[in-house]
Amino acid sequence: MAHKADEIAAQIIGALAAIAPASAPLSGNTKIARDLGLDSVAIMDFIMELEERFDILIPLDQIANVETIQDLSVTIEALMKDAA
Amino acid sequence: MPIFDKFSDIRDALGALAQTGQNPLSVRFDEILSPAEGVVENRRVLLFGTSNYLGLTFDPDCVEAGVQMLRKSGTGTTGSRIANGTYAGHAALEKQLAQFYGKRSAMVFSTGYQANLGLISALAGREDHLLIDADSHASIYDACRLSAAEIIRFRHNDAEDLAKRISRLKGRPGCRIIVTEGIYSMLGDAAPLREIAAVKRETGAYLIVDEAHSMGVLGNRGRGLCEAAGVEADVDFVAGTFSKSLGAVGGFAVSDLEGFDLLRVASRPYMFTASLPPSIIASVSAALHKISSDPALGRKVRDNGLRFYRGLARQGFELGPSPNPVVAIKMPDREMAVEFWKQLLKEGVYLNLALPPATPSSLALLRASVNAVHSDEHIDRAIAAITRVGQRLGMIAPQASAVNGAKIPLPAE
């Protein structure tokens, strides 16, 4: 099943809505740590949920440079391509 | 200054803590009277948060060994293990550690943090995959950052989840290296090591176990969870520390694998730092001899852990899942945790305040650790003080203590 980055972003936003503050802005440009007030452990736990959702591995070393929801969806898209 | 702008969240959090009067991060012990008691702000306090599991910091033989070596060999080695920093004592302690674990070889590092940093970062190369427990200690996370390997996190203490993640690596080159801990420092729970060892065997992975909080505590011979779970043959590398059961500072790794000693010239945290002072090496060697020759020490700290855990459970506190010598009391939130910690210090009991992100699942915890030197009276006095504060803050019901001696279901040991 091919996912485009924007479809992936929509799924990430859906999943983030459950853990981010209700007032938090959620779009491709949202900075996951800074805008949503999530600490490093909360972000890693969230990444684990995404691994289940997309049935892939998201290595921690690859999310070091991820800042925004858009960055994350591009990373996941590439990982899904590799895993296919 | 702009260079500190990145710490604005930390600055705010520290400001909030400072407003509460006593900043738990800057508590100062004016005197340490014994492994069980110290002095904070002119008040005698019971020490229930020191990870000094066997209480050997004041053991006369360990102290004497250190003092004698201090006079004989001076205050420090002023050099790295691979330059001028290996004395006869360093080499002898490595031999003693290898014998203690029944393994071929041991390496001594300058801290426990560096043992994990040095072992894991050197073992895991570019194409390799590190599979670490989600609740791993910061030293393991930092080791991952220093290594060139791919880092995969598996669900805490979940061997099935580990197996699933390894299966997702199918077809990829490189070694699979599983990292787990004996007892986890925050909640005091132990790893399901038999199940994890089975996954290791089935997948051909390597297994590293950090026994920082379980050496001297678990196992009849004090070797830790690997011994207690009967899986020592499956564990490729054991890492540990001298700063808990051995009562000093430093770290180590042991292994049976041929080639292990190559890490001495590949592990940067081993090579590029000064070695431990000879006096520390001498006291650690004496402490290791104690563990090897006196199984009663380990039994005592386990019994004390059980007494403390059961006592708090009876009062209605919500605790970590297992009655080990690390006992975590769950707090409803950060503010309550800080207030509880402060009031408890005034009641004469010190334990550790543990706040997110240093804790799993964003929990606010009061983390206690018992040691082999605590008497029944110390433990009961600590439970009584914790109960008083818990009742005062409305965390437990005032009547709960009335069910004295009542049997309540407790997790198996």
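Okay, let's start with a helix pair: the axes of H3(B), residues 88–101, and H10(B), residues 278–293, come within 10 Å and cross at roughly 20°. That angle is why H3(B) counts as roughly parallel to H10(B). The crossing of these two, H3(B) and H10(B), is left-handed. Keep in mind throughout that this is a predicted model.

Who is doing the touching? On the H3(B) side you have Gly89(B), His90(B), Ala92(B), Leu93(B), Gln96(B), Leu97(B) and Phe100(B), and from H10(B) come Pro278(B), Ile281(B), Ala282(B), Val284(B), Ser285(B), Leu288(B) and Ser292(B). Sort the residues of that H3(B)–H10(B) contact by type and you get nine nonpolar, five polar and no charged.

H10(B) has another partner to talk about. The axes of H2(B) and H10(B) come within 7 Å, and they cross at roughly 155°. So here H2(B) is roughly antiparallel to H10(B), and the crossing of H2(B) and H10(B) is right-handed. From H2(B), the residues include Asp61(B), Cys62(B), Met69(B) and Leu70(B), and they meet a set in H10(B) that includes Pro278(B), Ile280(B), Ala282(B) and Ala287(B). By type, the H2(B)–H10(B) contact splits into 10 nonpolar, six polar and one charged.

Now to the sheets. In chain B, seven strands make an open sheet, ordered S4-S10-S9-S8-S7-S5-S6, with mixed pairing. At the edges sit S4 (105–109) and S6 of chain B, each pairing on one side only. On average, neighbouring strands in this sheet are turned by 20° against each other, ignoring direction.

Some of the pairing inside that sheet: S5(B), residues 129–133, runs parallel to S7(B), and four bridges join them. As one example, Leu130(B) has Ile177(B) in S7(B) as its bridge partner. What packs on this sheet? H3(B) does, touching S4, S9 (237–241) and S10 (251–255) of chain B, with its direction at about 130° to that of S4(B). H4(B), residues 112–123, packs on the sheet as well, touching S4, S5, S7, S8, S9 and S10 of chain B, and its direction makes about 155° with that of S9(B).

Let me zoom in on S8(B). Is this strand, residues 206–210, mostly covered or mostly open? Mostly covered: five of its five residues are buried. Remember that side chains in a regular strand alternate between the two faces of the sheet. Here Tyr206(B), Ile208(B) and Asp210(B) point one way, Leu207(B) and Val209(B) point the other way, and all are buried. S8(B) also pairs with S7(B), residues 176–181, in the parallel sense, over five bridges. Within that pairing, Thr180(B) stands opposite Val209(B).

There's another open sheet in chain B, with four strands in the order S1-S2-S3-S12 and mixed pairing. S2(B), residues 37–40, and S3(B), residues 43–47, run antiparallel and are joined by four bridges. Val40(B) stands opposite Arg43(B) there.

Thr78(B) has phi near 50°, a positive value in a residue other than glycine. Thr78(B) sits in the loop between H2 (60–73) and H3 of chain B. Asn157(B), not a glycine either, has a positive phi of about 55°, and it lies in the loop between S6 and H6 (159–167) of chain B.

So, which of these are buried or exposed? Thr78(B) counts as exposed because 12 other C-beta atoms lie within 10 Å, and the cut-off for exposed is 12 or fewer. Asn157(B) counts as buried because 22 other C-beta atoms lie within 10 Å, with 20 or more being the cut-off there.

And there's a cis peptide bond between Pro356(B) and Pro357(B), with omega about 0°. Pro357(B) is in the loop between S13 (352–354) and S14 (364–369) of chain B.

Terms used:
Residues are numbered from 1 along each chain as its sequence is written. Chains are lettered from A and ligands numbered from 1 in the order in which they are written. This is a predicted model: local features need pLDDT of at least 70, side-chain atom pairs count only at pLDDT 80 or more; totals for chains, interfaces and linings use all residues. Axes are lines fitted to C-alpha atoms, for helices over the stretch in contact, and angles run from 0 to 180 degrees between N-to-C directions. Angles under 35 degrees count as roughly parallel, over 145 as roughly antiparallel, 65 to 115 as roughly perpendicular and the rest as oblique. A crossing is left-handed if the near helix is turned anticlockwise from the far one by less than a right angle, and right-handed if clockwise. Two residues are in contact if their C-beta atoms, placed from the backbone, lie within 7 Å. Ala, Val, Leu, Ile, Met, Phe, Trp, Tyr, Cys and Pro count as nonpolar, Asp, Glu, Lys and Arg as charged, and the others, Gly among them, as polar. Two strands pair if DSSP finds at least two bridges between them.
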